[in-house]
Structures are given as structure tokens and as C-alpha cells.
Amino acid sequence: MWQAVSRPTSVSVRTGPIAFAGRERELTAVAEVLGHRPAAVLIEGEPGMGRSRLLAELARRPEFADGRVLTGRCQQLREPFPYGPVLEALRSVGERFDACSDSPADPRDPAEQLRPAGRTSLASTTDRADSCGQAGPPSATGPIGPIGPLGPLGPLGPNASPISPPTKANDHQLGPLSPVAGVLRPLLPELAGQLPPTPESPSEPGARRHRVFRAFRELLVACGPTLLLIDDLQWADEDTLDLIRFLAADLPPQLGVVLAYRSGWAGPLVRTAPTVHTARVALGPLDVTAVRTMAADLLGLPRVTDEFAGKLHECTAGIPFVAEETLRALRDAGEVLSDRLLENLEVPAALRESVTERLDALPEAAAQLTRAAAVLDFAAEPAMLGDVAGLGEESLRTALLAALAGGLLAEVGENRYGFRHPLARKAVYDTVTGPERTLLHAEAIRVLGTAEAPPLPLLADHARAAGRMEKWRHYAEMAADEAIVLGETSRAINLLQSVLATADAADVGRLATKLSQVALRGFRPDVIETLERVLEHRPLPPTVRGTIRLSLGMLLVRTIGRLERGRAEVEKAVGELADAPEPAARGINLLAQPIDGLTPLSWHEVWMRRARDVHAKLTDPELRLALTVDRITNASHIGDGSAWTEFEALPDTAASVAERVQLARLWCNLADAQSWSGHLDRAERLVTEGARRATETGALYTMGLIRGTQARLAWFRGAWDGLAETAEDVRAGYPELGPIVMETSLVLGGLAAVRGEFAAAQRFLAAASVHSPADGPIPVVLSAASVLIGVQLAADDVEAACSTADVAADAARRKGVWVWAASLVPTAAEAYARAGRWPDADVLVEEFARGTAGRDAPVATAALHAGRAVLTGARGKHLAAAALFNEAAEAYARLPMPYLATSMHERAAMLRLAAGQRAAVESLSAAATAYESLGATRDAGRCRHHLREHGAWAPSQRGRRGYGQELSPREHEVARMLAEGRTNREIADGLFLSPRTVEQHVAKVLRKLGARTRTDVARKLPA
């Protein structure tokens, strides 16, 4: 954090402007005002707020394409040129070019370089066509004008009505100029051929100056409809400012003036007539949404996560320039986006140069104060900043005012001053020399150490940066203890890891124990490596070793592919903790939890009994509560109804943070268990409250788990809008945390399956451990197997479906918790029935019936109806099976699981149709509508297909809606699948359409989008 590291060689390539975001409201408002002339707009903003970009976007607006857009910029010079920005803008008025030539303007022409990005010349393409004779011959007199048709306009009344379209009479000429305009000949040699002769100069200086002002106004009147954009007005010379005041008093009727300048400058102090339309815009920071848009555009991503966008916004304070330069640096870094990448990012070169330039311009006392603020690294009162910088009261006041005027420091709280964003602080910090850094950090320790409540983390940082390692270890451990009490898990882990790396042998056991225990609140793979090194290389007493090993085992259990090794470490730790019953109780409790892997429930039940025996002997209230939490959760998972009763009898608050962490864990884990058993309304309430509690207590691991449960609950309940993106974000946020990766992969696989994206579904389901049940949570594994069997049956791969069913059924039998097989049983039974494996189908359904009898699991009741309906229907008993499917549908609807309920209704309708009951077409049509409302496009297509087969579906007698050049809903579906790279056959399978129909849809999509090839669809498809 504090080290100023030498910068490595790097290459940064700029590829043009990034997406314009977050200023649409301001741009529209300004354009509206400028659409009624005369008009004057003032735009102010801090450095980097995007004033220049807003002007450039104004220049590109299509409503101004038929008039001149003249742009000038004031330069930061010791002696600015008189009228500099106005002359820069007006010199382009006289440009000539061959209107019928296809050759671009010479890029070496200075006037060409001043044009707004995106305009190859100041004449529009339409105007070139007109001047080449396509709409009449070019004018024979005068030069070609810079922005197309500029004929005379009718007078604008006092209410400044919108600009009328210009006539074509004098398309390429300036309007008539009076002799006074000739005084501009020496100032604008580019217009010498169009300006009148230079009149005789009056002897009195004031009269000469007045004549120049009048001449400028004459020229602007002659330009016709014109926008005059002047940027960085705070650096303008006095002549320019006086000219602007003169013009503002009597603006030309077709002129719109936009003046942009830095906040804090007094402004141009213009006075306009009442008939002038005016606006004033103060640009502030962008919001998170705009920063997210910029990030997605510059990084070339479809979207970025809310967490990353929030962190980026915090890091850049929403300042557009800072955000853009940071994003360019992130892109050039070529690494996976993460908070840590942002924190360790080098200050972008353009930003570093900007900050250094402003720092160099400050008086020495102000620069010293700014460097002290960079070292101090938090918004502080002036007295503290002056104390660290070594400035007296009088010098401090002068220095602070200069630093504020220079735009480096800002008031970021009441009487507190610091940097607007972290990268500015870092850029200043990098300029501080080594000896001065050491001295300033030592001064910071002295000043902060005298506070009534010393800021321990900052003291630790300053001590380390000053090279006082003993002090650093002392402050860092105290800061970690404070973070643990406050529930700031990640900060505590960071501090303990850093101290442990340099600790003396006598301190290793104490520090590693603290680290191992707080690490259980979160999930950090690097902590696993740290604990493994401690156990391997440091001699420790058995109890200390057992305590550390226990936490290591608990962390391994959460890691993908390390479940069995984690349990082995925990069992070993329980043996090492023979003389420490309370830590041993935690290990016993973990081994009692049955949800992961194929270890039989009977083995876990042995540990459950040991956990109950140990619980009665415990005195630590937090540990007693932890065992109670897991006992309730385990009972709920296996369908024991007493779990809910015990939960409701528990108090919902606790005295210590550690106990509140356990209560948060209870709510979250119980939400998971209740959702698997089918109590979805209970689970929804538990999830909401559990997320709040986990956030308040800093239980990072629990917060991750609850997000996975939330995503799965949304999938169960049919709340699919935006769910795929949410699940992807959760998955990306915890890439090594097994339970979260697998649960979100299950959701993504399920969503892909109902969209007919079978290849994607199989990839996601593989990540849900469907092929390796021993490595994952068994409810997730069995549910993933159910989805995979459905995909394989849809593809008529009955053999593969039976193979998947065999693996999953074996996992269910080995584990022995049949409640978790609720989603598996109906699909596995169908696979067996279609393969003619009747004994396997019958045995599985009856095993499930016996295993769930008397269990508090509503989803098992629905699944049993469904499984028996499958077997009954497969044996040809259509009406009896339809009745069972309807019972299953009602049971699923009560949970509610709308997708499964609709599936049962569809199955019942199809069986009734097979039995000759034509009235079932209404049920089938209702199922199609329900599927469509959920977003299950493939299932809806299947229902429509069956309706057509039964002659029960026909277009409305009123005729179909005509979509013209817009995509119809069906064409949108086809276009989306094309954008995903799917073939016609895959689209046909996904939408239950014939290949010929798909060919027709594809042809229409290409034509309507203007796409030349199928691969071009993704770029042209509207978001």
C-alpha cells in the first residue's frame, strides 16, 4: 500500500474515445436550449469531469448538422493570445475543398485537426452530393461553405422559435458583410478572400477595439446558423472575455454559444438579453451505472459485475477522466478483473502526468502539505495535516488555499481535506522521495498516536512504511483484534497473514490460531496455504496444532475437490484435541454434517450422537450455539419436522459478534435446508433475514452461500428475469468456493436446458459435480442429474440418460437421504421406462417412497406423485396417469414451483389427448402460455407443436400483427440463437420448428437487421 515501487516497462495503446455515458440528460437539455436561437450555455466542472467530451458530443448532434459548428480552446499559456479561442474557431470558416472530390481533407491541415472527432470535414455528405449536381449545380460565386447549406433564414422573433431549415440559394457563401468586418483581415488571413478591405484605423485605441468587436459580431451573423463552442475558458485572455461580454449583450439571432470552464473560476460574468435562451450546467461525478457502461465498452465485455462497478466507482470517485484512464490501464494489464487488481493498479500514465503537473505548479508549502496528505492517507483536519507537514498556522492557511486552488486537495467532509480519489493520492505519494517518506510516516505515527482512540490500522501502515517493524507487528495485531470484534473479516485476515509472515517463533502459534479461527468466517484460498506451511514447518504444542489443523480441515471441506482430505484433517485434529474438548467439539460437529459427498448418513449419525453428548458439557456460549445451529440444520435436511420447532424456540439475538455470526449462519443454512425440502416460502424469509445478518456481522463465507441459495430459490420459483446474469456474477465472485460454484452452475444449467441450449447446459451441469458425486453437495448433484437426464431424453439419447440415472441413483442410495432425490426420481424413472428397464424404475420409485415416508418434505410428496404418474403413463394407463400428474401439478404449485407444475399439467394434457379427450387442448394451450411467461421457450414450442399436430391451434381470425422491419418475437428468439452461434438444426430443436421454417426466419432476421452473414447478427442485434 505504501511502497513506491519502480514502474516496469509498459505499452499503452489508445483506441479512440470510449462510450459516452452518464451525461445523456445534460446533453439533451443543452441541445434543446441550443435548438432555439439565440442561445447561451455555460458548462462548468472540476478537471476530468468531461467538459470537453460534452462539447464534442454536442458538435456531433444531428440537429446541428445543417449549420456551422465552430470550436475553439483556450490554452494555458503565460501570455495568452488576444482573441485566441475565437480566432481558432473562426479560421475554419474560410476553408476550401473540392466539393466533388472523394479525397479526404489533408490531415496535416491545422483546421482539419481542430474538427470534432467523427467529422471528416466541415461539410456534410449530403452537401457534397448537392454541390456535385445531384440536387442542382453548385454555386458559381463565392467559396464553398464549411457546413453545407447556409442560405438566409427568416427572422427569429423575441421568443426564439426553433431554427428553420436553411434555403439553398447561397449554400456555400457567407452572408453579406459590412465594411467593418475588414478589420479582421490581419487577424484571420484564412478569410482574406471573403472579408471586405481593411478600413482606415481610428487613432483612439478604444475605438479600434470597439470596431474589432463589431467585426467579430458581423462575421458571426454572416455565418448563419452557427454553434460557437469554447473550452477551458478559465485560461482565456482579457480580450476574449470582453468580446464574449460584448456578444452576449446582443447575440446574433442564429448563434448558439457554449462556454466551458473549470469549477471554482469566477466565470465569464456575461449578461444576456431576456430573449436569449440560456442554461447553466454543473458537471458532477458519474454514477455507478455510467461507470459500469464505460467499463463494459472499453474492456470489451458484455457486462461487469455490480461489485466490480462499485469498486471502480469508489476508486475513481466517478470522475470520467480518472475512470477512463483506469479502465485503459486495466485493459492493458491483461488480467482477470478483481478488487485486488484495482487496488494494486499502477497510476495510469496520463493521470500521473496530470497530477504531477499540478503538483509542480504549487508553491513549496502547498506541495509539502499535499505530500503530507498523501502519506497520511485519510481526510484530516487542517491542523493535523499541518502538524504532519511541519507547517505553522499562517503557512498552513496559505498552503491549504493554494492546494485547493490547484485542484489536488478538496474538502471531502466538514473541515476535512484529502484527495478526491485514491489514484490521485497514489500519484502524489509516488513523487515523495524515500527519506522524506520515512520522515513523514514517522510524523504521522507521532500525531496519530496521541489521539484518544488511535486508528490502529493506520498506525500499523505508517510504522511499516517507516521501517519500524516491531511497532508495526504490535499495531497490526491490535488492529486485527479490533477488526475481529467489529466483524471486518477480510481486514483481519490480511493483517494477521502479513504479521505471521515475519513473526518470531514464540508468536507463531498465537497468530496462526487467531488467523485459522477468523478465516472460518470467510473463504480465502491463500489462508489454506499459510496454515499448511505453519503445520509443516513450525513446531507447535499438540493442542495448538490441533486447533489450527481443525480450521484447515474446515476450509478444505469448502474447496472444490478437497472434501475427503478436509474431513481427514478434521478427524486427525479431533484426536490432537483430546485435552481440549471445546475445539474438538467443532470438529465433531463438522463430521456430523451429511450434505457433502457419498459418505453414508449412518456414518454421520455416529458423529451426530457424539455432538449431542459433547454439547451438554460445553460452557462457551458461541460454541454451544454453533452446535445447535448445525443440529437444527442437519435435522431439517433429512426431513425432521422437529427442526423447525426448535428453530422457532431459539432467541433471535445474541450479545457477542461471534454468537451473532452463528445466528446468521443458522438463518442461511436453514434456508438452504428448507428450500431442498420444499418449504420455499419459509426459505425465502430465511434468506432475506440471513443475508442481512451475515452482512452486519461480516460473515463473508455465509454471505457467499446465501447468494447461491437465493439464485437457486429464484430458479425453483420461476423468477428467471436476469437470473442467469446474477448467477454468473455470484459464480465469478467465488471461483474456488465449491458449494457456491456448484449451486450456481446448477441454476445456469437448468436455465440453459429450458432454453434448448443443451451443450451449454451440459457444461454447467458438469461444473455442478454431476459426474463426480463424491466431490459435491448431494442435493445439488442429484438435482443436476435430473436436469441432465431431461436434456439427454430430449435428444433421444436414452442410453446416456440411463447411465446418468444409474450414477445418481447409486449416489442417493449410498448417502441414504432420500429427500434430496425428489428432483431425480421422476426423470430417472422415465429414463428407465423408456429403456424398458421396468424393475429399475419400480425399485427406485418405491425406495423413494419408503425413504421419504413421514418426512417433513412437501417436495417429496409432489415428486412421488410425479414418479408414479410416469410409470403409470408408460404402462399405457393414460387417464390414471393424467390424474396423478394433475395431483403432482397441484402439489408443485403449492410450493410454489411453477415450472414443474406446468410440466405436470402438460404431461396430464398429453395423456388425456392420447385417451381421446379433446377438451385437454385447453390445458395444453394454458401450459404453452405458462411456459412462455417463464421464458421456457423450448417447452412452449413443444406445446405449440403438439397443438398443431392435434389441429387445435390456428392463427387469430383477425390476422397476425404485422411487424414491418421490426423483428417479431419469434424472430427475436431466432436472432438470439444465431448470435450464440447455433446452427439451423439446433435452432429447430430448441424451438420445435421445422428446418424449413427456421430457414425462413433466418432469412428474415438477416434482412431486417441488415446483416450480411450469420456471424454479423450478434453485432447488429439490439440489446
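User: Which hand does the crossing of α17 and α18 have?

Analyst: This is a predicted model. In it, the axes of α17 (residues 434–449) and α18 (residues 456–465) come within 8 Å. The crossing of these helices is left-handed.

User: Are α17 and α18 roughly parallel or roughly antiparallel to each other?

Analyst: The axes of α17 and α18 cross at roughly 150 degrees. Angles over 145 degrees count as roughly antiparallel. The two helices are therefore roughly antiparallel.

User: How do the residues in the contact of α17 with α18 divide into nonpolar, polar and charged?

Analyst: On the α17 side, the residues are His-441, Ala-444, Ile-445, Leu-448 and Gly-449. They meet Leu-458, Leu-459, His-462, Ala-463 and Ala-465 of α18. Sorted by type, the residues of this contact are seven nonpolar, three polar and no charged.

User: What is the angle between α21 and α22, and how are they oriented?

Analyst: Two packed helices are described by the angle between their axes and the distance between the axes. For α21 (residues 505–518) and α22 (residues 525–537), the axes are 11 Å apart and the angle is about 150 degrees. That angle makes α21 roughly antiparallel to α22.

User: Which residues of α22 make the contact with α21?

Analyst: The crossing of α21 and α22 is left-handed. From α21, the contact takes in Val-508, Ala-512, Leu-515 and Ser-516. By type, the residues of the contact of α21 with α22 are six nonpolar, two polar and no charged. Those from α22 are Val-527, Thr-530, Leu-531 and Val-534.

User: How many residues of α33 are buried?

Analyst: Helix α33 covers residues 738–754 and has 17 residues. From first C-alpha to last, α33 reaches 25 Å, close to the 24 Å expected at 1.5 Å a residue. The helix is largely enclosed by the rest of the structure, because the buried residues number 17 of the 17.

User: Which residue just after α33 takes a positive phi?

Analyst: Helix α33 runs over residues 738–754. Just after this helix, a phi of about 80 degrees is taken by Gly-756.

User: Is Asn-669 buried or exposed?

Analyst: Asn-669 lies in helix α29 (residues 657–677). Leaving aside residues up to four places away in sequence, Asn-669 touches Asp-630, Thr-633 and Leu-705. Buried means under 20% relative accessible area. The relative accessibility of Asn-669 is 16%, so this residue counts as buried.

How values were computed:
Residues are numbered from 1 along each chain as its sequence is written. This is a predicted model: local features need pLDDT of at least 70, side-chain atom pairs count only at pLDDT 80 or more; totals for chains, interfaces and linings use all residues. Side-chain values use heavy atoms; hydrogens and water are left out. Axes are lines fitted to C-alpha atoms, for helices over the stretch in contact, and angles run from 0 to 180 degrees between N-to-C directions. Helices (H or I, at least four residues) and strands (E, at least two) are DSSP runs, numbered from the N terminus. Angles under 35 degrees count as roughly parallel, over 145 as roughly antiparallel, 65 to 115 as roughly perpendicular and the rest as oblique. A crossing is left-handed if the near helix is turned anticlockwise from the far one by less than a right angle, and right-handed if clockwise. Contact means heavy atoms within 4.5 Å. Ala, Val, Leu, Ile, Met, Phe, Trp, Tyr, Cys and Pro count as nonpolar, Asp, Glu, Lys and Arg as charged, and the others, Gly among them, as polar. Buried means under 20% relative accessible area, exposed over 50%, partly exposed in between (1.4 Å probe, protein chains only). The expected span of a helix is 1.5 Å times one less than its number of residues.
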